[in-house]
Amino acid sequence: IDPSHPVVPALDYVTPVVQPVPMADNTWVYRMPDDSIQHYITLANSHHALFFFDMQVGHSTVQNEVNHVWPYLKQPGVELSLDPEFDLSPGEIPDVEFGHMRAAEINWAIDQLSQLVQTEHLPPKILIVHRFLQEMLPDWQNIKLKPGVQVIITVDGFGAPSQKIGDYQAYDNQELLPGEFPGMKLFYNLDKPLMSPSDLLALNPPPLMVMYQ
């Protein structure tokens with residue numbers, strides 16, 4: 001319903017997936033198998049859609065997990081998403097404590113993607129960073145944008161529209177860095193009621209990325 005921004009569809013694929021137990025390598029994550037990853041990348045390509053790796057790093061690191069999927073990120077249309085909720089400090093348990101992500105971790109990912117775009121002559125990469133609590137990005141103002149990487153700060157979390165709009169005004173209105181883009185995540189079954197497309201476009205600024213789960 002916004003003719004100035006034609007829709008580009010995308011698939012959001014979670015890997016690694018945070019686990020309630022340490023796993024063999026003590027990272028508390030499970031990495032999806034290569035055949036599944038390639039299946040959904042091929043599916044996205046066949047529908048002219050983007051593909052996002054959505055990372056819950058647990059007790060691993062952004063660097064370690066990005067390196068696991070680096071060959072896929074060299075492909076055009078394969079993008080990256082980071083979820084600070086599941087970036088855990090020592091001793092924290094997934095879904096018991098909320099994690100957080102430092103700007104240094106995000107900047108490392110931005111640096112790597114920027115270099116990749118330049119060396120491989122790729123279209124700009126998109127980096128989504130989820131957030132629904134202020135403490136999830138404690139030093140957000142230290143994020144450093146670089147050419148070739150489009151950073152979207154997405155208001156995550158489920159709840160009533162008034163709560164989501166309040167978070168959006170706090171994070172995607174007042175705390176966006178120059179050059180960052182706003183996003184909103186909606187939950188079909190958990191948001192009560194689900195915000196409509198018209199509701200979203202009434203936000204200031206309207207989100208350029210909308211994710212449904």
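Analyst: Let's start with strand β8 (residues 181–186): five of its six residues are buried, so the strand is largely enclosed by the rest of the structure. Buried here means under 20% relative accessible area, exposed over 50% and partly exposed in between, with a 1.4 Å probe and protein chains only. Keep in mind that this is a predicted model, where local features need pLDDT of at least 70, side-chain atom pairs count only at pLDDT 80 or more, and totals for chains, interfaces and linings use all residues. Residues are numbered from 1 along each chain as its sequence is written, and side-chain values use heavy atoms, with hydrogens and water left out.

Strands (E, at least two residues) and helices (H or I, at least four) are DSSP runs numbered from the N terminus, and two strands pair if DSSP finds at least two bridges between them. β8 runs parallel to β7 (residues 149–155), joined by four bridges; V155 has M184 in β8 as its bridge partner. Four bridges also link β8 to β9 (residues 209–212), again in parallel, and L186 is partnered by Y212 in β9.

Now the packing. A nonpolar core is a set of buried Ala, Val, Leu, Ile, Met, Phe, Trp, Tyr and Cys residues joined through side-chain atoms within 4.5 Å. The largest one has 35 residues, with F53, L73, L80, L82, I106 and L127 making the most contacts inside it. β7 is among the elements that each supply at least two residues of this core, while α4 gives the most, with seven. Apart from it lies another core of eight residues, including L186, Y168, L200 and L203.
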